[in-house]
Amino acid sequence: MPLDIDSLPLSTDQNTSRSALDESASEYLGWIGDPVARLTAGAESDERFALGHILAGVLRLLSGEVEISSPGLVQSRRAGREARERLTAFEQAHLAAFEAWGDGRIRRATAIWEEILIDHPRDIWALRFAHDTYFYLGDAHNLRDSLARVLPAWPANDERHGYLLGMHAFGLEECGDYRAAEAAGRRAVERNPADTWAIHAVAHVLEMEGRQNEGIAWLNGLQPHWQGAPALAVHQWWHLALYLIERGRLDEVLAIYDRHVRGSPSAALLDLVDAAALLWRLQLAGVDVGGRWQGLQEHWFLHREEHVLVFNDAHIAMVAGGLKDKAAAEALEGSLARYLGERQGTNCDITRLVGHDVVRAISAFAQGDFARTVDLLLPLRYEIWRIGGSHAQRDLFTQTLIAASLAAGRWQLARALLAERLALRPASAPSWRQYAQALEALGDQPGAVSARRRAAEAAAA
């Protein structure tokens, strides 16, 4: 059994419980199986393994569950509290992080996990929980540095060392260190082609650098491996779709949506985020998505009152907007206003500072109020990272701002934003077409002709 599990100071001495801890960690890292069920079953068969309930509870929180609708989450919190006096100091720290996250003090949870890692740098659970939470917070520097702090404690021959390389790769990518990120991610995949998070990290590099053809080849070549990790498979299809959008291959994107993103309708929040974001991007590209928004309504609207992450609320606003459901948008707005008036915590602070206006901007765009969309999004451009997600995911808000600028006739602003975007993504066919539109509106006919030529070249490359 790997040292990272064997060396942890646990209350239980049962090998079956330690095995459950180890096997569920492999499932969590590999995006396979059901680590919540495995941990819960282990805890129910060993009263000294309350840590199983605690870790299962954190996994439930990270998947977006809330106590009001999750008996399993309630059970996990109750079991942890009842066992508090029997727990080791290490386990009590995990309980404290669980309770902090559950109470909305998300930043406090990451601080506790980092404190655990100072003494136990090979605690894969604290490491991965922190990693996922930094992603939810858009905290690129800690995505990178949390891994850097513990990597020296992990021998290169450890069976989980490759997973750490993949996690580090994602942090490096989010910090813009694309060369180091790609190298680390590719090393991780060489060690384990089924390391779907490492595959995903390299996909992010190729997306951010506008290397669409390489991205398509990367994901297509590794498809048999990442398809075997169902919890992240939809997200990998989403990444493939982004490359195809940039190439203007929109019919293929619709086919991916129908066959893979919603081919087997999932209620998992990550899958719902990808579905809403992909339909929104397609509409920005001028595609009629037909009745596809209706397939998301029943799933997303169940979460309208939860406000776990404002990143999710923005995607609920997209669904309401896609449906042209003004009443649903107003209900979301009212719920957010109540939430801000009654609650406290990390997400509440982020919502108040940035997220509420992002949600309002999405609703304004959907209602055709493009000037208001620009007024809301433009001042937030360099603060939107606070709502969480990756650079690739948040690029949707930049695309919305550009589309709103064009629709509002803010030609000078649109030209400036597109010039900026094309400096970063010179192979983006849709952006070149939009640039041509802005230049033509400003009377620069030669520039518009040149931009259209660049768009055609990008699409054909």
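The crossing of H10 and H11 is left-handed, a word used when the near helix is turned anticlockwise from the far one by less than a right angle, with clockwise giving right-handed. Before going further, please note that this is a predicted model, in which local features need pLDDT of at least 70 and side-chain atom pairs count only at pLDDT 80 or more, while totals for chains, interfaces and linings use all residues. Residues are numbered from 1 along each chain as its sequence is written, and side-chain values use heavy atoms, with hydrogens and water left out.

Helix here means a DSSP run of H or I with at least four residues, and a strand is a run of E with at least two, numbered from the N terminus. H10 covers residues 161–174 and H11 residues 178–191; their axes come within 8 Å and cross at roughly 155°. Axes are lines fitted to C-alpha atoms, for helices over the stretch in contact, and angles run from 0 to 180 degrees between N-to-C directions. H10 and H11 are therefore roughly antiparallel to each other (angles over 145 degrees; under 35 is roughly parallel, 65 to 115 roughly perpendicular and the rest oblique).

Which residues in H10 meet H11? They are His 161, Gly 162, Leu 165, Gly 166, Ala 169, Leu 172 and Glu 173, and they face Tyr 178, Ala 180, Ala 181, Ala 184, Gly 185, Arg 187, Ala 188 and Arg 191 in H11, where contact means heavy atoms within 4.5 Å. By class, this contact has eight nonpolar, four polar and three charged residues. Ala, Val, Leu, Ile, Met, Phe, Trp, Tyr, Cys and Pro count as nonpolar, Asp, Glu, Lys and Arg as charged, and the others, Gly among them, as polar.

Now go back to H3 (residues 35–45) and H4 (residues 50–62), which pack at about 155° with their axes 8 Å apart. H3 and H4 are therefore roughly antiparallel to each other, and H3 passes H4 in a left-handed crossing. From H3, Pro 35, Val 36, Leu 39, Thr 40, Ala 43 and Glu 44 take part, meeting Gly 52, His 53, Leu 55, Ala 56, Leu 59 and Arg 60 in H4. Seven nonpolar, three polar and two charged residues make up the contact of H3 with H4.

H4 turns up again around H7 (residues 106–119): what covers the buried residues of H7 includes H4, H6, H8, H9 and H20. Among those buried residues are Ile 106, Trp 113, Glu 114 and Leu 117, with buried meaning under 20% relative accessible area, exposed over 50%, and partly exposed in between (1.4 Å probe, protein chains only). In H12 (residues 196–208), 13 of its 13 residues are buried. Just after H12, Gly 210 takes a positive phi of about 70°.

Most residues other than glycine have a negative phi. His 307 is not a glycine, yet has a positive phi of about 55°. His 307 sits in the loop between H17 and H18 and is buried, at 5% relative accessible area. Lys 324, in the loop between H18 and H19, also has a positive phi of about 55° without being a glycine, but Lys 324 is exposed at 64% relative accessibility.

Finally, find Arg 304 in the loop between H17 and H18. Arg 304 touches Ile 316, Ala 328, Ala 331, Leu 332 and Ser 335, leaving aside residues up to four places away in sequence.
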